[in-house]
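Please keep the sequence and the 3D view open while reading.

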Amino acid sequence: MSSDFKLVARDTGPLRDRYRPQQLSEVVPTFSMKEARAILESENVSQVYLFEGLTGCGKTTLARIISRALVCESPDAVTKPCLTCAPCKGMEHSPDFTEINIADFRGIDAIRDNISGMSTLPGYLKRKVYIFDEAHQLTPAAQEMLNKVLEEPIGNTVIFLCTTNLKGLRRTLLGRCAQLTFKRVTRVQMQQVVKQVVGDAGLPYPNDGVFEDMFMQADGSIRDLMNLLDRYLLGAYEVGVTSTSESGAEGSPDIFKLVGALKDKDWNIIREILDSDYVKNNPDGYRETVCKFLVREALKSPTIDLAVAFALGQLAGSLSNEPLAEQHNMLVLRAMRACHKK
């Protein structure tokens with residue numbers, strides 16, 4: 001796996017947006033670059049691509065880059081996407097481009113509305129493009145509908161399914177996909193990212209252990225690393241202090257608050273956290289946050305409270321195949337058991 005990439009800063013705002021790659025050369029390669037280039041250079045483009053791997057490692061970003069390259073009007077395949085032609089500039093605002101976070105739209109009605117146009121030809125771009133984030137959260141009925149649509153050839157339509165959990169997708173659907181697996185960002189790659197970002201900010205690369213702590217917290221996620229770097233550049237980064245939203249999602253409850261409540265067996269606070277809108281709407285994401293915290297703390301602190309570790313382990317149990325409401329209810333039940341509540 002190559003580590004060659006060059007970050008390019010665009011626009012303003014958080015680093016994860018400012019440095020979001022627009023071309024393949026800017027992507028931190030956590031996947032097979034050879035396979036990615038083959039998608040761009042092939043004249044026989046597959047209809048469905050499955051990008052699977054750790055959250056925050058670039059699945060959706062690569063799907064957008066490939067999508068833009070597939071509609072780009074540049075005659076030079078090497079430079080695609082050119083970012084200057086009309087399709088490149090206007091793709092995300094075109095009716096031929098659809099990106100959906102399935103965590104927000106899981107049901108059959110929402111999916112029916114979005115895939116009903118798959119059988120028609122594009123009106124503005126070369127191809128119709130669909131990107132489904134968190135695809136494993138598609139309901140069984142929605143997956144069956146998508147599977148039926150894929151049984152017949154779809155002219156000039158390309159679909160990207162991005163997922164952190166293959167278990168949530170049916171085998172029949174997986175069998176129709178060309179799969180690309182994403183790995184964790186390596187320590188060497190994280191060093192390269194940090195050197196480029198702090199260099200652009202006119203700062204030296206310190207050797208005081210700050211970034212080693214940052215690498216451990218990021219845990220292989222480029223998005224988490226960018227969020228941590230944001231805090232560092234603002235002068236708000238403290239070694240050993242984890243951000244309240246480890247997955248980079250808005251509104252995620254403070255993991256340390258949950259740990260303290262579990263240690264004190266304070267059911268009122270635990271219930272308040274688990275009944276928050278964020279956890280109810282994204283139980284799988286919060287479970288992953290809990291799991292990442294548990295793994296990191298266990299490695300960093302051998303004296304971690306065993307009762308808390310056990311409780312966190314209960315919360316981090318595999319729930320991904322359960323419907324959203326059942327996942328949330330199971331999180332609450334496991335917390336109650338961990339606190340010995342009847």
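Asp17 is partly exposed in this predicted model, with a relative accessible area of 35%. The side chain of Asp17 meets that of Arg20 in a salt bridge, at 3.3 Å from N to O. Arg20 also counts as partly exposed, at 27% relative accessibility. The count of salt bridges in the structure comes to 7, and two further pairs are described below.

**Salt bridge Glu26–Arg10**

- Glu26 pairs with Arg10 in a salt bridge whose closest N and O atoms are 2.8 Å apart.
- Glu26 sits in the loop between α1 (15–18) and α2 (33–41), while Arg10 belongs to the segment before α1, so the pair ties together parts 16 residues apart in sequence.
- Glu26 is buried, with a relative accessible area of 2%.
- Arg10 is partly exposed, with a relative accessible area of 24%.

**Salt bridge Glu144–Arg170**

- A salt bridge joins the side chains of Glu144 and Arg170, with an N to O distance of 2.9 Å.
- This pair links distant parts of the chain, 26 residues apart: Glu144 is in helix α6 (residues 140–150), and Arg170 is in the loop between β4 (157–163) and α7 (171–174).
- Glu144 counts as partly exposed, at 29% relative accessibility.
- Arg170 is partly exposed as well, with a relative accessible area of 35%.

**Cysteines**

- How many disulfides does the structure hold? The number is 0.
- For Cys88, the closest cysteine sulfur is that of Cys85, and the distance of 3.6 Å is too far for a bond, because a disulfide requires the two sulfur atoms to lie within 2.5 Å.
- Cys88 is buried, with a relative accessible area of 3%.
- Cys162 is in no disulfide either, and the nearest cysteine sulfur, that of Cys57, is 9.6 Å away.
- Cys162 is buried, at a relative accessible area of 2%.

**Helix α3**

- Helix α3 covers residues 59–71 and has 13 residues.
- From its first C-alpha to its last, α3 reaches 19 Å, close to the 18 Å expected at 1.5 Å a residue.
- Is α3 buried or exposed? Of its 13 residues, 13 are buried, so α3 is largely enclosed by the rest of the structure.

Note on methods
Residues numbered from 1 in each chain as written. Predicted model: local features only at pLDDT ≥ 70, side-chain atom pairs only at ≥ 80, totals over all residues. Heavy atoms only, no water. Helix = DSSP H or I, 4+ residues; strand = E, 2+ residues; numbered from the N terminus. Expected span 1.5 Å × (residues − 1). Buried < 20%, exposed > 50% of the residue type's maximum accessible area, 1.4 Å probe, protein only. Salt bridge = Lys/Arg side-chain N within 4 Å of Asp/Glu carboxyl O.
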